[in-house]
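Subject: Structure for your review

Dear colleague,

Please find below the structure that I am handing over to you.

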Amino acid sequence: GQLNPELAAYFRKVKTCLYANWVGAREFQRRRNLSVRFSVTIGPGGVVQGVDLVQSSGIRQLDDTAERAIYKCSPLPPPPGDSSVIPLTFVPGELG
């Protein structure tokens, strides 16, 4: 489905920070089929309270570096609406 424009803008902002802080991902950049998914709990003020691995890339090093990037971006902008849990997917092939 399509994200509403406010949510789409939110995820763009978050991904900009995440990808800027995703140290070690470049070595996987050419492997277009890789991705790792998380469910992130955001508390008051955008503080990251928890990160749960939903789907591993199959490469622990890649998963760990992505999780560290999430914590480095804390506090995140508070998500629009009343949601405190957001899905995040990292794709090394999207790195610019």
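This is a predicted model: local features need pLDDT of at least 70, side-chain atom pairs count only at pLDDT 80 or more; totals for chains, interfaces and linings use all residues.

Residues are numbered from 1 along each chain as its sequence is written, and side-chain values use heavy atoms, with hydrogens and water left out.

The sheet

Helices (H or I, at least four residues) and strands (E, at least two) are DSSP runs, numbered from the N terminus. Three strands make up an open sheet, in the order E2-E1-E3, with antiparallel pairing; two strands count as paired if DSSP finds at least two bridges between them. E2 and E3 are the edge strands, each pairing on one side only. On average, and with direction ignored, neighbouring strands of this sheet are turned by 25 degrees against each other; axes here are lines fitted to C-alpha atoms, for helices over the stretch in contact, and angles run from 0 to 180 degrees between N-to-C directions.

E1 is joined to E3 by six bridges and to E2 by six bridges. Towards E3, Phe38 stands opposite Leu88 and Arg37 stands opposite Thr89. Towards E2, Ser39 has Asp52 as its bridge partner. The hairpin of E1 and E2 has five residues between the strands, and Gly45 in this hairpin takes a positive phi near 75 degrees.

Helix H1 lies across E1 and E3, at about 55 degrees to E3.

The nonpolar core

A nonpolar core is a set of buried Ala, Val, Leu, Ile, Met, Phe, Trp, Tyr and Cys residues joined through side-chain atoms within 4.5 Å. Buried means under 20% relative accessible area, exposed over 50%, and partly exposed in between (1.4 Å probe, protein chains only). The largest such core has 27 residues, and those touching the most other members are Leu18, Trp22, Phe38, Val40, Ile70, Leu88 and Phe90. Two or more residues each come from helix H1 (5-20), strand E1 (36-42), strand E2 (48-55), H2 and strand E3 (85-90). H1 gives the largest share, five residues.

Leaving aside neighbours within four places in sequence, Trp22 is in contact (heavy atoms within 4.5 Å) with several residues, among them Leu62, Ala66, Phe90 and Leu95.

The disulfide and the cis proline

Which cysteines form a disulfide? The pair is Cys17 and Cys73, with sulfur atoms 2.1 Å apart; a disulfide is a pair of cysteine sulfur atoms within 2.5 Å. The pair links distant parts of the chain, 56 residues apart, with Cys17 in helix H1 and Cys73 in the loop between H2 and E3. The link is left-handed, with -110 degrees about the S-S bond. Cys17 is partly exposed at 27% relative accessible area, whereas Cys73 is buried at 5%.

Pro75 is also found in the loop between H2 and E3. The peptide bond from Ser74 to Pro75 is cis, with omega near 5 degrees.

The salt bridge

One salt bridge was counted, the rule being a side-chain nitrogen of Lys or Arg within 4 Å of a carboxyl oxygen of Asp or Glu. Arg60 and Asp64 form this bridge, at 3.5 Å from N to O. Both lie in helix H2 (residues 60-72), and because they are four residues apart, about one helical turn separates them. Arg60 is exposed, at 67% relative accessibility, and Asp64 is partly exposed, at 29%.

Yours sincerely
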